[in-house]
Amino acid sequence: HTAVAHAMALLSLVNTEALSCSSSSPSSSNTIIINNYLDSLYETQILPGAVNDGISSSETNATWEDWRQRLRHPHFGLSTFFIT
């Protein structure tokens with residue numbers, strides 16, 4: 001959560017509405033930037049670390065997909081991350 005909270009705060013986004021935008025939305029560039037950042041963080045840091053700790057990649061991927069879908073809920077605000 002910290003990684004996305006920091007990125008959102010730096011982009012002046014107060015809730016995850018921007019992460020659920022369509023590609024034609026004015027916020028779509030922020031959506032692409034943050035989602036690419038999170039995907040990269042997951043693929044290069046989180047997944048290898050989890051596998052190294054003995055958690056299967058399939059279980060880790062399932063958890064990531066579930067979290068990613070929840071993150072796209074438009075009213076999940078920075079207060080959830082204790083940043084407001």
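Trainee: Are H1 and H2 roughly parallel or roughly antiparallel to each other?

Mentor: Start with the angle between the two axes, each taken from N to C; an angle over 145 degrees counts as roughly antiparallel. In this predicted model, helix H1 (residues 2-10) and helix H2 (residues 28-52) pack at about 155°. H1 and H2 are therefore roughly antiparallel to each other. Their axes lie 11 Å apart, and the crossing of H1 past H2 is right-handed.

Trainee: Which residues make the contact between H1 and H2?

Mentor: From H1 come Ala3, Val4, Ala7 and Met8, and from H2 come Ile34, Tyr37, Leu38 and Leu41. Sorted by class, the contact of H1 with H2 has 8 nonpolar residues, with no polar and no charged ones.

Trainee: How many helices and strands does the protein chain have?

Mentor: There are 3 helices and 0 strands in the protein chain. Along the sequence, the pattern reads α-α-α.

Trainee: At what angle do H2 and helix H3 cross?

Mentor: Read this pair as you read the other one. H3 covers residues 57-71, and its axis crosses that of H2 at roughly 150°, coming within 10 Å. That makes H2 roughly antiparallel to H3. H2 passes H3 in a right-handed crossing.

Trainee: Which residues of H2 and H3 make that contact?

Mentor: On the H2 side they are Asn35, Leu38, Asp39, Tyr42, Leu47, Ala50 and Val51. On the H3 side they are Ser57, Thr60, Asn61, Trp64, Trp67, Arg68 and Leu71. By class, the contact of H2 with H3 has 8 nonpolar, 4 polar and 2 charged residues. Leu38 is listed in the contact of H2 with H3, and Leu38 is also listed in the contact of H1 with H2.

Trainee: Is Asn35 buried or exposed?

Mentor: Look at the relative accessible area; a residue under 20% counts as buried. Asn35, which is found in helix H2, has a value of 9% and is therefore buried. Setting aside neighbours within four places in sequence, Asn35 is in contact with Leu19, Arg68 and Arg72. Of these, Arg68 is listed on the H3 side of the contact between H2 and H3.

Trainee: What is the relative accessible area of Tyr37?

Mentor: For Tyr37 the value is 37%, so this residue is partly exposed. Tyr37 lies in helix H2. Neighbours within four places in sequence aside, Tyr37 is in contact with Ala3 and Ala7. The C-alpha atoms of Tyr37 and Val4 are separated by 8.5 Å, while the two residues are 33 residues apart along the chain.

Trainee: Which residues does Ala3 touch?

Mentor: Not counting residues up to four places away in sequence, Ala3 touches Tyr37 and Leu41. Ala3 has its place in helix H1. With a relative accessible area of 21%, Ala3 is partly exposed. Between Ala3 and Leu38 there are 7.7 Å from C-alpha to C-alpha, and the two are 35 residues apart in sequence.

Trainee: Among contacts between residues at least 6 apart in sequence, what share join residues at least 24 apart?

Mentor: In the protein chain, that share is 61%. The contact of Tyr37 with Ala3 can be looked up from either side: Tyr37 is in contact with Ala3, and Ala3 touches Tyr37.

Terms used:
Residues numbered from 1 in each chain as written. Predicted model: local features only at pLDDT ≥ 70, side-chain atom pairs only at ≥ 80, totals over all residues. Heavy atoms only, no water. Helix = DSSP H or I, 4+ residues; strand = E, 2+ residues; numbered from the N terminus. Contact = heavy atoms within 4.5 Å. Axes fitted to C-alpha atoms, helices over the stretch in contact; angles between N-to-C directions. Parallel < 35°, antiparallel > 145°, perpendicular 65-115°, else oblique. Left-handed = near helix turned anticlockwise from the far one by under 90°. Nonpolar A, V, L, I, M, F, W, Y, C, P; charged D, E, K, R; others polar. Buried < 20%, exposed > 50% of the residue type's maximum accessible area, 1.4 Å probe, protein only.
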